[in-house]
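Subject: Structure for your review

Hello,

Here is the structure we spoke about, with the sequence alongside. My notes follow below it.

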Amino acid sequence: MEDSARVKRYHRTGRILSVAGFLVDLAILLTLLLTGWTITLRTLAVHCTTRPWVAVLIYLGLFGIITHVTGLPLNFLQGFWLEHRYGLSNLTLAGWVKDELKGVALGGALAALGVEFLYAAIRRWPEHWWILCAVVFIGFFILLANLAPILIFPIFFKFKPLENPSLTERLLELSRRAGTRIKGVFEWKLSEKSKKANAALVGLGNTRRIVLSDTLLAQFQDEEVEAVLAHEFGHHVHRHMFQGIAIQGGTTFLGFYLIHRTLGWLSPHFGFQGAADFANLPLLALVTVGLSLLLLPAVNAHSRAMERQADAYALRAISSRDAFISSMEKLAELNLAERQPHPWIVLIFHSHPSIEKRIAFARQLPA
Ligand SMILES: [Zn+2]
């Protein structure tokens, strides 16, 4: 089925806004670095205090205000304007502002923790800090994956145990067949903010749970919900989370090592007083962004391969492929998905195969 002009426009506008947002971030980092303003901000922070960690915090606060304020217009266009223009959002402007403030508080606290640890490690172990930081950051990502369903998601959304015993039992049975332990099935009040539908297997260990958006529950038959979750269990059966942690871990090591080398090499050119001089934060961010951008096509190709594996598992795990196909159709409709994105766009931007390819894959299996 051909994508409508409306669907194409929605995605094209979204991509333009994302790329523009990325370019604005890049421009700010380069400006701070090349004009020497980052040195001015650092000097200001150092004048206020004799404690290195307080100076880092002051600098980070100023850096955060500058990058956040300049990024705000595009954040608004992407997160609020675009979704409303295409009738996909139930979020009020006040709701958007509230979520922004919560995001800033949470993101700021996590950034402060990470950046303080990073510069403390550089001050203490100037040669080997990058090994320690990689290990600690990976451990922290895993801890966050465990804590997110109980600490972070509830800051933004309401959840309650699913009040549908037969669907709950059906999904628990599916989880038993996949050999995974689930601590409950929850209804996710997404409709307060969005018209889109979503379902996921979230958390790690004792927080592992199924979350189903109320928007999905309102539109999907039980066997369609089962098909969506069977795909999620496919990720579990194929141990994709461990693959993800391994790749994220390898990238984190590589990233910190590259930062270590870049700082040694470029610090004198920008007037930094050694690697522990936190005025180098924009340079550090640029190395991270550059590496993510380089790896993006490979990371997305790997992700699409994992998605195909999860689909293959789902189609074996459920009794009817029709439920899988109709769940795809409904998701595409509710979420205004692009069924036939351009192959180049898929290659660079998409972590999932197109809906059209996923449906074609299901159809070619023997009934
Ligand atoms: Zn998936």
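How many positive and how many negative side chains does the chain have, and how far apart do the centres of the two sets lie? There are 36 positive and 27 negative side chains, with the centres of the two sets 4 Å apart. Please keep in mind that the model is predicted.

Overall form. The chain has 13 helices and four strands. Its radius of gyration is 23 Å, close to the 21 Å that the globule rule gives for 367 residues, so the chain is as compact as a globular protein of that length. The C-alpha trace spans about 70 × 45 × 35 Å along its principal axes. Of the 367 residues, 43% count as buried. The accessible surface is about 19,100 Å², and carbon and sulfur atoms account for 66% of that.

Strands. Strand β2 (residues 185-188) pairs with β4 (residues 209-213) in the parallel sense over four bridges, and Trp188 has Ser213 as its bridge partner there. Three bridges join β2 to β1 (residues 159-161), and these two run antiparallel; Lys160 is bridged to Glu187. Both faces of β2 are covered, with Val185 and Glu187 buried on one side and Phe186 and Trp188 buried on the other.

Strand β3 (residues 199-202) is likewise covered on both faces: Ala199 and Leu201 are buried on one side, Ala200 and Val202 on the other. β3 and β4 pair in the antiparallel sense over four bridges, and Leu201 stands opposite Ile210. Their hairpin has six residues between the strands, and Gly203 takes a positive phi near 85°.

Regards

Note on methods
Residues are numbered from 1 along each chain as its sequence is written. This is a predicted model: local features need pLDDT of at least 70, side-chain atom pairs count only at pLDDT 80 or more; totals for chains, interfaces and linings use all residues. Side-chain values use heavy atoms; hydrogens and water are left out. Buried means under 20% relative accessible area, exposed over 50%, partly exposed in between (1.4 Å probe, protein chains only). Two strands pair if DSSP finds at least two bridges between them. The radius of gyration is taken over C-alpha atoms; the globule rule is 2.2 Å times the number of residues to the power 0.38. Accessible areas come from the Shrake-Rupley method with a 1.4 Å probe; for residues, only the protein chains shown count as cover. Lys and Arg count as positive and Asp and Glu as negative; His and the chain ends are not counted. The place of a charge is taken as NZ of Lys, CZ of Arg, CG of Asp or CD of Glu.
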